[in-house]
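User: Could you walk me through this model before I set anything up? I'd like the overall picture and then some individual residues.

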Amino acid sequence: MKLLVDSGSTKADWIAIAESGKVLFSTQTLGLNPEVLNKEEFISRLNDSVDISQNKNKVSHLFFYGAGCGTDRMKKFLKELYEQYFPNATVVIHEDTYAAVYATTPKNEKAIVCILGTGSNCSYFDGNSLHQKVQSLGYIVMDDCSGNQFGRQLIRGYYFGKMPKAMAQEFEKEFDLDADVIKHHLYKEPNPNAYLASFAKFLIQHKDDAFCQKIILSSMEDFVENYIKQFENCHEVPIHFIGSIAFYLKAELRQVLDKQGLQLGNVLKRPIDGLIEFHQQEA
């Protein structure tokens, strides 16, 4: 049995396939980002899934594609953890961008591949290997145009009195905006980046409002300047996107990329279905 995992900070999609390529089961856990979780939290989230915990001895291969796996230290941490949890499995760890590449990019084609979800990322795929010029420093410093950045901007807009009054009243009805509650989630609870990203749905629901449009378009422009344009051939290859932010704001993405003379490629909400096809072909 092969286990395929596509994990962000908010959630992780799991698919089990037989050696024949047949899908055996699919399930979902909370996100498994090694940058924000410790070993005990990982194990707890794995054990919460009956499908995973009851089949862990049957797994022969685990292919994990995850946020927070961009450094050798994090890859080593995850490999050792999963080798202990799945004792009979060969474990392969890839950063989540590889999942995005395999899901969006036809075999041997060149492309820039971006992730816009809870966090954000951007890589160049030369048809064989991934290339990154900037290593992510995580949600506090980077993650332009991500769900967590949008959440942060909405909260700031509300607290600084920049959000339109009617929108602020609606914002208050939808979320608990007590300062102590927000600070508790940010500084005492796990996954503060996912907590911030939970506010992004409000931005998307109100994306046509001028206040939200300004946040969306300026963040996308920053992403283009800081991430996409780091690659000199960005005007020569398609730019693919994975993630809920990209999926629900596709029209705005196209507007910003067209303005810069850049080619919008495939835009998918999640890569797991593409991963199934990729690994079935490898079976």
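Analyst: What follows goes from the whole chain to single residues, and this is a predicted model.

User: How confident is the predictor, then, on average?

Analyst: The mean pLDDT of the protein is 93, and 99% of its residues reach 70 or more.

User: And which elements have the lowest and the highest mean pLDDT?

Analyst: Among the elements of the protein, the lowest mean, 76, belongs to helix α13, which covers residues 272–282, while the highest, 98, belongs to helix α6 at residues 165–174.

User: How many helices and strands are there?

Analyst: The protein contains 13 helices and ten strands.

User: What about the overall dimensions, and how does the radius of gyration compare with a compact globule?

Analyst: The C-alpha trace spans about 55 × 45 × 30 Å along its principal axes. The radius of gyration is 19 Å, which agrees with the value near 19 Å that a compact globule of 283 residues would have.

User: How much of it is buried, and what does the surface consist of?

Analyst: Of the 283 residues, 51% count as buried. The accessible surface comes to about 13,500 Å², and carbon and sulfur atoms account for 48% of that area.

User: How many charged side chains, and how far apart are the centres of the two sets?

Analyst: There are 30 positive and 36 negative side chains, and the centres of the two sets lie 1 Å apart.

User: Okay, single residues. Where is Leu-32, and is it buried or exposed?

Analyst: Leu-32 sits in the loop between β3 (23–30) and α1 (39–47), and it counts as buried because its relative accessibility is 0%.

User: What does Leu-32 touch?

Analyst: Leaving out residues up to four places away in sequence, Leu-32 touches a set of residues that includes Ser-7, Gly-8, Trp-14, Phe-42, Phe-64 and Tyr-82. For Ser-7, the C-alpha to C-alpha distance to Leu-32 is 6.0 Å, although the two are 25 residues apart in sequence.

User: And Thr-27, where is that one?

Analyst: Thr-27 is found in strand β3, and with a relative accessible area of 18% it is buried, since the cut-off is under 20%. Beyond its neighbours within four places in sequence, Thr-27 is in contact with Ala-12, Asp-13, Trp-14, Ser-49, Asp-51 and Ile-52. Val-50 is 23 residues from Thr-27 in sequence, and their C-alpha atoms are 9.2 Å apart in space.

User: Switching to another loop, how accessible is Val-134?

Analyst: Val-134, which lies in the loop between β8 (130–131) and α5 (147–159), has 40% relative accessibility and therefore counts as partly exposed. Apart from neighbours within four places in sequence, Val-134 is in contact with Met-142 and Gln-230.

User: What about backbone angles, which residues have a positive phi without being glycine?

Analyst: Asn-108 is one of them, with phi near 70 degrees, and Asn-191 is another, with a positive phi of about 55 degrees. For context, most residues other than glycine have a negative phi.

User: Where do those two sit, and is each buried or exposed?

Analyst: Asn-108 lies in the loop between α4 (96–104) and β6 (111–116), and its relative accessible area of 58% makes it exposed. Asn-191 is placed in the loop between α7 (179–187) and α8 (192–197), and Asn-191 is buried, with a relative accessible area of 6%.

User: Is Glu-252 buried or exposed, and what does it touch?

Analyst: Glu-252, in helix α12 (residues 250–259), counts as buried at 6% relative accessibility. Setting aside residues up to four places away in sequence, Glu-252 touches Lys-207, Gln-213, Ile-216, Leu-217 and Met-220.

User: Last one, what surrounds Ala-111?

Analyst: Ala-111 is found in strand β6 and counts as buried, at 0% relative accessibility. Not counting residues up to four places away in sequence, Ala-111 touches Thr-105, Ser-123, Tyr-124, Phe-125, Val-237, Pro-238 and His-240.

How values were computed:
Residues numbered from 1 in each chain as written. Predicted model: local features only at pLDDT ≥ 70, side-chain atom pairs only at ≥ 80, totals over all residues. Heavy atoms only, no water. Helix = DSSP H or I, 4+ residues; strand = E, 2+ residues; numbered from the N terminus. Rg over C-alpha atoms; globule rule 2.2 N^0.38 Å. Buried < 20%, exposed > 50% of the residue type's maximum accessible area, 1.4 Å probe, protein only. Areas by Shrake-Rupley, 256 points an atom, 1.4 Å probe, with all protein chains shown as cover. Lys, Arg positive; Asp, Glu negative; His and termini not counted. Charge placed at Lys NZ, Arg CZ, Asp CG, Glu CD. pLDDT = per-residue confidence, 0-100. Contact = heavy atoms within 4.5 Å.
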